[in-house]
Amino acid sequence: MTDPAVRFERVTLDYGTRRIWSDLSLDIAPGAFVAILGPNGSGKTSLLRAILGLVAPSSGRIAVLGHPPRRGDPGIGYVPQHSSFDAELPFRGRDLVQLGVDGHRWGIGLPNASVRAQVDRALASVDAAHYADAPIGRLSGGEQQRLRIAQALVGDPALLLCDEPLANLDLRYQQTITDLVAAWRQRTGGTVLFVTHDVNPVLRLVDKVLFVVNGRWDAGTPDEVLTSERMSALYRSHVDVVRVHGRILVVGESTEAGFNLDEPHHVPVAVEHETPR
């Protein structure tokens, strides 16, 4: 049998006296596309940080690509939450991508034909070569996000972690970024963990959903987890899950997460972006 790409065995994560999630047991198969959903502050980014070896669980065991989590794992590519660059920053798109090769050292590495070829391949894979030498702060949010994906892929990872890669992008660029990730997965057989506030842009790709709410969690296929019964149990409040024109909406009254569900929302109930911990 093939080992899971990621395995959680009864994992609990605490920050001081606050429990983020508890007793998480989950196997993620190689090549799977997993959407990680949940309200603000529920621990989605913390889960990625645990896989990256940046935080240690309070109890339980995590295995990533067959070994314990470790910082700087070359088998992992990471796409961080979107943030804008200063328009005057003297930094090119290809410089950002190259940090995926030599970012563990101070500054940009010296000219190297092998590294340049590696960076050029990554840029081509996301169709960003034509603006690779432009100042990164002058590029659109969607163009910058292409470069972040190229940076994550430049080291040929087996596992791609995406933390809200669609945030603040219009629908056209959401589709573009989703297609880039899907193409990489199809081309390489890699595994994708995709944190998002709205599952709909990636629903066609998702094999499994992990939903985390106030220390609780549920996992399964979208049809298994995204139901009124399962969502109501997670939120401990009545929640209706409605499917309209191929999209999934969640409608409810209130939750202990601290926000109202007075209006329909895309899955999961959308709030402001989670702050990385």
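The side chain of Arg-216 lies 2.6 Å from the backbone oxygen of Leu-234, a polar contact being a pair of N or O atoms within 3.5 Å, one able to donate a hydrogen and the other to accept it. The model is predicted, with local features requiring pLDDT of at least 70 and side-chain atom pairs pLDDT 80 or more, while totals for chains, interfaces and linings use all residues. Residues are numbered from 1 along each chain as its sequence is written, and side-chain values use heavy atoms, without hydrogens and water.

Arg-216 is placed in strand β9 (residues 216-220). Its relative accessibility is 15%, so Arg-216 counts as buried (under 20% relative accessible area, with a 1.4 Å probe and protein chains only). Of the 277 residues of the protein chain, 51% are buried.

The protein chain contains 7 helices and 12 strands, taken as DSSP runs of H or I with at least four residues and of E with at least two, respectively. Among the helices, α4 (residues 141-153) and α5 (residues 171-188) have axes that come within 10 Å and cross at roughly 15°. The two helices are therefore roughly parallel (angles under 35 degrees, on a scale from 0 to 180 degrees between N-to-C directions). The crossing of α4 and α5 is right-handed, the near helix being turned clockwise from the far one by less than a right angle.

Contact (heavy atoms within 4.5 Å) involves Gly-142, Glu-143, Gln-145, Arg-146, Ile-149 and Leu-153 in α4, which meet Tyr-173, Thr-176, Ile-177, Leu-180, Val-181 and Trp-184 in α5.

Definitions and conventions. Angles under 35 degrees count as roughly parallel, over 145 as roughly antiparallel, 65 to 115 as roughly perpendicular and the rest as oblique. Buried means under 20% relative accessible area, exposed over 50%, partly exposed in between (1.4 Å probe, protein chains only).
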